[in-house]
Amino acid sequence: MSLVLQPLASGSKGNATLIKGRLGSLLIDAGLSKKRIVERLRQVGHRPEDLDAVLLTHWHKDHTRGASLLCRRMGIPLYATPACMPAQKPELLRQPRTFRPGESFEVGEFKVESTALPHDAPETVAFFIEAQGLRVGIVTDLGHPFDPGLPARLRELDALLLEFNHDEELLHRGPYPPFLKERILSREGHLSNAQAGSLLEQSLTGRHQVLFAAHLSETNNRPEIAMEQILRSCHRAGRADLEVHLCLQDQPTQAHWF
Ligand SMILES: [Zn+2]
Ligand SMILES: [Zn+2]
């Protein structure tokens with residue numbers, strides 16, 4: 001075992017993903033309360049104080065809720081963009097570190113690349129993280145998959161955690177008020193199953209070991225509908241054999257050990 005990818009929570013009530021290397025570990029987003037994050041880390045056998053850093057994708061609460069307090073209490077460095085950092089009370093943090101979208105940096109054994117995503121929070125990013133010769137992509141909260149550079153970056157991965165937010169039909173028929181439906185469907189909202197599926201189809205290669213489908217809406221999606229889309233896309237890409245997990249909201253998802 002040299003790398004572990006372990007989603008702790010995924011969805012509009014909170015997102016957090018643990019990446020464990022041989023020497024250290026990172027938490028991508030901390031969108032549950034500090035208490036819940038500590039609980040879930042312990043549940044998967046990880047000591048929260050052992051985290052090398054917490055990295056934030058953007059300032060929406062479902063990605064940042066417990067971040068500042070966790071980092072303050074445990075003395076963990078917090079990485080965020082200039083747009084995201086001010087709400088994290090950086091004056092109280094021991095090690096606030098800012099990076100600009102597109103910048104790369106190193107944290108312990110991890111080489112981290114960031115790239116800008118189209119979303120309705122300024123400076124939203126995806127992370128591509130490399131350690132032990134393996135490359136993992138964390139790509140959630142994006143309004144559209146049309147950045148021509150994105151599939152090329154996803155093709156270079158060994159593991160991908162990708163947003164499958166909603167089924168368009170369910171969203172249209174569902175209970176959300178019109179302004180919220182518009183927001184989700186907009187080019188700065190969230191990826192539909194069909195959009196994510198098409199991106200996946202363009203991106204899958206023989207290198208990918210696993211897909212985690214993330215940020216599934218509990219109201220506007222169904223696990224079986226998302227899975228149907230994923231299996232169709234994998235089949236079309238010639239990767240019907242790919243290991244696939246749907247990320248869970250209320251408990252850690254089964255991890256992938258490389
Ligand atoms: Zn968001
Ligand atoms: Zn989100």
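Let me start with a definition: on a 1 Å grid over the protein atoms alone, a pocket is an open set of points with protein on both sides within 12 Å along at least five of seven lines, a cavity is a set of points where a 1.4 Å probe fits but cannot get out, and lining residues have an atom within 4 Å of a point. Grid points are joined across faces, edges and corners, and a volume is the space filled by probe spheres set on the points.

Before I use that, two remarks on the source. This is a predicted model, in which local features need pLDDT of at least 70 and side-chain atom pairs count only at pLDDT 80 or more, while totals for chains, interfaces and linings use all residues. Residues are numbered from 1 along each chain as its sequence is written, chains are lettered from A and ligands numbered from 1 in the order in which they are written, and side-chain values use heavy atoms, with hydrogens and water left out.

The largest pocket holds about 220 Å³ of space, and of its 15 lining residues, Ser12, Arg183, Ile184, His190 and His215 come closest to the centre. Helix α6, residues 178-185, contributes three residues, the most of any element, to that lining; helices here are DSSP runs of H or I with at least four residues, strands are runs of E with at least two, and both are numbered from the N terminus. Sorted by class, the lining has four nonpolar, eight polar and three charged residues, where Ala, Val, Leu, Ile, Met, Phe, Trp, Tyr, Cys and Pro count as nonpolar, Asp, Glu, Lys and Arg as charged, and the others, Gly among them, as polar.

The second largest pocket has about 190 Å³ of space, and its lining includes Ser10, Gly11, Leu216, Ser217, Glu218 and Arg222. Its class count is five nonpolar, five polar and two charged residues.

Donors are N, O and S atoms within 2.8 Å of the metal (3.2 Å for Na, K and Ca), and water is not among the atoms, so sites may look incomplete. His63 in helix α2 and Asp141 in the loop between β10 and α4 are 78 residues apart, and the pair links distant parts of the chain.

What coordinates the zinc ion (ligand 1)? The donors are His58 (NE2), His60 (ND1), His119 (NE2) and Asp141 (OD), at 2.2 to 2.4 Å. Their angles span 91 to 170°, which makes this arrangement irregular. Asp141 bridges the two zinc ions, ligand 1 and ligand 2, which lie 3.5 Å apart. His60 sits in the loop between β4 (53-55) and α2 (61-64), and Asp141 in the loop between β10 (134-139) and α4 (150-155), so this pair ties together parts that are 81 residues apart in sequence.

Is Asp141 buried or exposed? Its relative accessibility is 1%, so Asp141 counts as buried, and His60, at 13%, counts as buried too; buried means under 20% relative accessible area, exposed over 50%, and partly exposed in between, with a 1.4 Å probe and protein chains only.

Turning to the interior, a nonpolar core is a set of buried Ala, Val, Leu, Ile, Met, Phe, Trp, Tyr and Cys residues joined through side-chain atoms within 4.5 Å. The largest one has 27 residues, of which Ile19, Leu26, Leu55, Val112 and Phe127 touch the most other members. Strand β9 gives the most to this core, with four residues.

There is one cavity of 30 Å³ or more, and the largest cavity holds about 80 Å³ of space. Of its 14 lining residues, Asn15, Thr17, Ile138, Thr140 and Leu161 lie nearest the centre.

Finally, the backbone. Lys89 has a positive phi, near 50°, and is found in the loop between β5 (78-80) and β6 (96-98). Glu123 also has a positive phi, of about 60°, and lies in the loop between β8 and β9.

Note on methods
Tetrahedral: all angles 85-135°; square planar, octahedral: opposite > 155°, others 65-115°.
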